[in-house]
Amino acid sequence: MKKTALITGATSGIGRATAHEFAKHGINLVLCGRRQDRLDSVQKALSKQTIVHTLNFDVRDKTQTFEAIASLPKAFQNIDILINNAGNAHGLDPIQTGNIDDWDAMMDINVKGLLYVSKAIIPGMTERKSGHIINIGSSAGKEVYPNGNVYCGSKHAVLAITEGMRIDLNPFGIKVGAINPGLVETEFSKVRFKGGAAADNVYKGYKALQPEDVADVIYFAVSRPAHVNIADVLMFCTAQASSTIVKKEL
Ligand code: NDP
Ligand code: 8X3
């Protein structure tokens with residue numbers, strides 16, 4: 001029986017690469033994001049390999065989130081795998097000068113959005129007594145770095161929520177885990193620095209993780225035997241030793 005995965009943030013970066021990886025393995029896909037043109041192009045690219053349904057909603061908006069997931073056609077309603085990936089950093093500022101709209105965005109998207117999507121999907125999983133949830137955390141969820149304050153807080157919350165989910169969903173045989181990458185070359189820094197020049201330098205002078213590297217690990221986690229749950233993964237590129245130590249050759 002083919003499995004169905006719902007991936008948030010499938011229009012870019014890690015989410016899109018995961019959609020490609022899952023499609024290669026014939027997993028049915030529900031791809032989510034806000035940019036319809038991107039959803040259309042990913043759907044077009046992957047429809048040759050598997051069946052794909054797209055949902056356009058903002059995870060910050062709980063009504064939109066619940067309505068979108070409730071609208072799934074029958075063939076896509078039973079979500080076996082949930083990849084809670086949508087999220088970003090907004091800004092990189094000391095706490096005393098941080099921007100409140102950036103703080104709202106990070107807590108609303110990375111934390112509350114993950115909760116809304118999970119709340120819409122988990123009842124089906126508990127009813128069927130099966131399922132697999134992978135939350136995309138970050139090395140920023142394990143270690144706080146200068147000016148990372150609220151983004152790190154949002155990713156620490158993702159890790160705490162992941163543990164809580166694993167405990168509460170244990171009686172239902174639902175697997176829950178977190179994949180926590182360090183620097184990955186995606187649109188992440190363009191969003192963090194609002195398209196500013198600072199984004200251009202983030203991945204210079206070393207080979208950062210590529211979104212496909214993270215997608216490989218996500219697929220590894222979802223393809224383990226039924227009795228194996230990959231609970232927590234921290235992954236860095238070779239040049240990175242911690243949030244603040246990156247060997248660069250400039
Ligand atoms: P990208 O910016 O490339 O992708 C972010 C994705 O999230 C997009 O598909 C975007 O879709 C979606 N998204 C953002 N905001 C919303 C929203 N309000 N509602 C719905 N979807 C939203 O970044 P990455 O691929 O790098 O990031 C994916 C995840 O990985 C994030 O949770 C990030 O924190 C985490 N991460 C990233 C690392 C990195 O260095 N890149 C390292 C560690 C973790 P759209 O704009 O179409 O809505
Ligand atoms: C993204 C990695 O180091 O920019 O979560 O926080 S970092």
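A nonpolar core is a set of buried Ala, Val, Leu, Ile, Met, Phe, Trp, Tyr and Cys residues joined through side-chain atoms within 4.5 Å, where buried means under 20% relative accessible area with a 1.4 Å probe and protein chains only. The model is predicted, so local features need pLDDT of at least 70 and side-chain atom pairs count only at pLDDT 80 or more, while totals for chains, interfaces and linings use all residues. Residues are numbered from 1 along each chain as its sequence is written, chains are lettered from A and ligands numbered from 1 in the order in which they are written, and side-chain values use heavy atoms, without hydrogens and water.

**View 1. The largest nonpolar core, with 34 residues.** Those with the most contacts inside this core are F22, L29, L31, I179 and I218. Its largest share, five residues, comes from α8, one of the helices (DSSP runs of H or I, at least four residues, numbered from the N terminus).

**View 2. The surroundings of F22.** Leaving aside residues up to four places away in sequence, F22 touches (heavy atoms within 4.5 Å) A5, I7, I27, L29, I81, I83, I218, Y219 and V222.

**View 3. The buried residues of α8.** In this helix P211, V214, A215, I218, Y219, A221 and V222 are buried. They lie on the same side of α8, because their arc, taken from the directions from the helix axis to the C-beta atoms, is only 155 degrees.

**View 4. The residues around ligand 2.** With a heavy atom within 4 Å of the ligand are S138, A140, Y145, Y151, F188 and R192. A polar side-chain atom of S138 lies 2.5 Å from an oxygen atom of ligand 2.

Notes. Buried means under 20% relative accessible area, exposed over 50%, partly exposed in between (1.4 Å probe, protein chains only). Helices (H or I, at least four residues) and strands (E, at least two) are DSSP runs, numbered from the N terminus. A polar contact is a pair of N or O atoms within 3.5 Å; within protein, one must be able to donate a hydrogen and the other to accept it, and residues adjacent in sequence count only if both atoms are side-chain atoms.
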